[in-house]
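Subject: Structure handover

Hello,

Here is the structure I promised you. Please open it first, then read my notes below it.

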Amino acid sequence: MKRIEVKLALPVVAPLLDVIKELADGLKKNLAVASQLEDLDADFRAAWTDELLAAQNDDVATLLGLFNDEFFSEGVVAFDENNAEAIVRACAAVRLRLRECFLVPLGDETLESGDIDIATLHEPLRKAFMCYLFLATVQELIIQHLDSSILDS
Amino acid sequence: MTPIRSHTLPKHEPQTELALGGEWRVVVLNDPVNLMSYVVLVFKKVFGFDEQRARKHMLEVHEQGRSIVWSGLREKAEAYVFTLQQWHLNAVLEPDEAH
């Protein structure tokens with residue numbers, strides 16, 4: 001089984017976890033992307049949303065599970081075919097929530113281009129944007145090294 | 001898992017059945033957050049697209065704001081929209097006026 005281990009800088013990443021956990025709480029009851037399902041029957045729409053929420057919560061729990069005792073003692077997180085898909089999706093969910101909760105002042109065009117000087121940002125925007133970049137890096141790592149595991153699963 | 005329409009929906013009136021019939025499009029809308037590489041991965045995973053086709057649709061989303069990624073019967077279109085939403089893409093259903 002293909003597995004990648006990444007050593008993270010604890011002093012940099014640990015403070016971001018508070019933001020991720022806060023957003024994860026919000027994702028328990030809110031979809032990262034609101035569904036546009038106006039033409040569906042109300043019961044069906046509710047079932048649809050509930051199933052999306054359950055899947056989203058499972059994914060986010062897998063992401064949070066990365067930051068276990070090993071992470072806090074060694075600074076190491078590990079990705080493999082068992083967690084890659086859930087984590088790459090959870091990162092997307094948290095990044096979308098970051099935009100909604102913190103990053104609106106940056107503007108969508110700026111966010112999409114990524115042309116932002118972190119040094120010019122003030123808290124809490126700065127920490128939120130660091131978190132946004134960190135999760136994108138996790139996604140890129142997984143896509144670069146484990147995309148075949150995801151596609152074959 | 002895709003919700004099973006027949007288990008949760010009451011019986012449709014004939015007029016509703018007509019409206020849900022025909023061809024439907026699965027459309028992915030742009031968002032400023034998801035990475036291009038992520039969107040390509042999702043298209044490959046969900047539709048089995050090869051790299052070139054997945055990139056073509058991703059670029060349509062990015063540059064034109066939307067891409068029609070699939071069209072066909074309503075039930076299967078719903079299943080695709082559900083799966084794309086599980087991957088946090090902004091996916092919607094549209095009637096295919098051409099059919």
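Y80(B) touches V26(B), V46(B) and W70(B), leaving out residues up to four places away in sequence. Two residues touch, or are in contact, if their C-beta atoms, placed from the backbone, lie within 7 Å. Y80(B) sits in helix α5 of chain B. Helices (H or I, at least four residues) and strands (E, at least two) are DSSP runs, numbered from the N terminus.

Is Y80(B) buried or exposed? Y80(B) is buried, because 21 other C-beta atoms lie within 10 Å. The cut-offs are these: a residue is buried with 20 or more other C-beta atoms within 10 Å of its own, exposed with 12 or fewer, and partly exposed in between; the C-beta atoms are placed from the backbone. Y80(B) and E23(B) are 57 residues apart along the chain, and their C-alpha atoms are separated by 14 Å.

Before you go on, note that this is a predicted model: local features need pLDDT of at least 70, side-chain atom pairs count only at pLDDT 80 or more, and totals for chains, interfaces and linings use all residues. Residues are numbered from 1 along each chain as its sequence is written, while chains are lettered from A and ligands numbered from 1 in the order in which they are written.

**Chain B**

Chain B has five helices and three strands. Along the sequence they follow the pattern α-α-β-α-α-β-α-β. Of its 99 residues, 34% count as buried. Take the contacts in chain B with a separation of 6 or more: residues 24 or more positions apart account for 71% of them.

The three strands of chain B form an open sheet in the order β2-β1-β3, with antiparallel pairing. Two strands pair if DSSP finds at least two bridges between them. The edge strands are β2 (66-73) and β3 (90-95) of chain B, and each pairs on one side only. Neighbouring strands of this sheet are turned by 25° against each other on average, direction ignored.

Look at β1 (residues 23-29) of chain B. Six bridges join β1(B) to β3(B), and the two run antiparallel. R25(B) stands opposite E94(B) in β3(B).

Two helices lie across this sheet. Helix α5 (residues 74-86) of chain B lies across β1, β2 and β3 of chain B, at about 140° to β2(B). Axes are lines fitted to C-alpha atoms, for helices over the stretch in contact, and angles run from 0 to 180 degrees between N-to-C directions.

**Chain A**

Strands β1 (residues 3-7) and β2 of chain A pair in the antiparallel sense over five bridges. K7(A) has V76(A) in β2(A) as its bridge partner. Strand β2 (residues 76-80) of chain A has a covered face with V77(A) and F79(A). Its uncovered face has V76(A), A78(A) and D80(A). In a regular strand the side chains alternate between the two faces of the sheet.

How do α2(A) and α4(A) cross? Their axes come within 8 Å and cross at roughly 105°. They are therefore roughly perpendicular to each other. Angles under 35 degrees count as roughly parallel, over 145 as roughly antiparallel, 65 to 115 as roughly perpendicular and the rest as oblique.

K127(A) is in helix α6 of chain A. K127(A) counts as partly exposed, because it has 16 C-beta neighbours inside 10 Å. Beyond its neighbours within four places in sequence, K127(A) is in contact with P15(A), L16(A) and V19(A).

**Where the chains meet**

29 residues of chain A are in contact with 22 residues of chain B. On chain A, α2 (42-65), α4 (84-103), α5 (108-113) and α6 (125-152) each supply at least two residues of the side that touches chain B.

The largest nonpolar core has 53 residues. Such a core is a set of buried Ala, Val, Leu, Ile, Met, Phe, Trp, Tyr and Cys residues joined through C-beta atoms within 7 Å. Among those with the most contacts inside it are I87(A), C91(A) and V42(B). Helix α4(A) gives the most to this core, with twelve residues. V42(B) is in contact with L84(B), W87(B) and L89(B), leaving aside its neighbours within four places in sequence.

Best wishes
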